[in-house]
Amino acid sequence: MSPPIRILIVDDHAVVRKGLAMVLRLEPDFEIVGEAGTGQEALTLAERLAPDGILLDRMMPGMDGKAVAQTL
């Protein structure tokens with residue numbers, strides 16, 4: 001069995017982050033390693049946690065998802 005896919009969830013709405021995390025935690029192939037509410041927080045956590053994948057909200061105030069993706 002391979003290790004789970006480590007995921008960082010990024011969305012400026014906490015209820016969306018929590019909902020996605022709740023659903024993904026039901027799947028044994030996924031591990032939620034962190035949640036971020038801003039683009040800058042996403043960059044910090046991505047560097048620190050080195051997730052395999054990031055679920056990234058496209059429209060966020062300040063640094064949007066496109067800017068985060070380009071920076072990563």
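Valine 15 is located in helix 1, helices being DSSP runs of H or I with at least four residues and strands runs of E with at least two, both numbered from the N terminus. In this predicted model, local features need pLDDT of at least 70 and side-chain atom pairs count only at pLDDT 80 or more, whereas totals for chains, interfaces and linings use all residues. Residues are numbered from 1 along each chain as its sequence is written, and side-chain values use heavy atoms, with hydrogens and water left out.

Valine 15 has a relative accessible area of 68% and is therefore exposed (exposed is over 50%, buried under 20%, and partly exposed in between, with a 1.4 Å probe and protein chains only). Together with Val16, Leu20 and Leu55, Val15 makes a nonpolar surface patch of about 320 Å². Patches consist of residues with over 30% relative accessible area and no salt bridge, like charges being joined within 9 Å and nonpolar side chains (Val, Leu, Ile, Met, Phe, Trp, Tyr) within 5 Å. Areas come from the Shrake-Rupley method with a 1.4 Å probe, and for residues only the protein chains shown count as cover. Helix 1 (residues 14–24) gives the largest share of the nonpolar patch, 3 residues.

The structure contains 3 salt bridges, each defined as a side-chain nitrogen of Lys or Arg within 4 Å of a carboxyl oxygen of Asp or Glu. Glutamate 35 pairs with arginine 17, with closest N and O atoms 3.7 Å apart. This pair links distant parts of the chain, strand 2 and helix 1, 18 residues apart. Arginine 17 is buried, because its relative accessibility is 14%. Glutamate 35 also forms a salt bridge with lysine 18 (3.2 Å, N to O); lysine 18 lies in helix 1 and glutamate 35 in strand 2, so this pair ties together parts 17 residues apart in sequence. Arginine 58 forms a salt bridge with aspartate 64 at 3.3 Å between the closest N and O atoms. Arginine 58 is partly exposed at 48% relative accessible area, as is aspartate 64 at 24%.

The largest nonpolar core has 11 residues, including Leu8, Val33, Ala36, Leu45 and Met60. Such a core is a set of buried Ala, Val, Leu, Ile, Met, Phe, Trp, Tyr and Cys residues joined through side-chain atoms within 4.5 Å. Helix 2 provides its largest share, 5 residues. Alanine 36 is in contact (heavy atoms within 4.5 Å) with residues including Leu8, Arg17 and Leu45, neighbours within four places in sequence being left aside.
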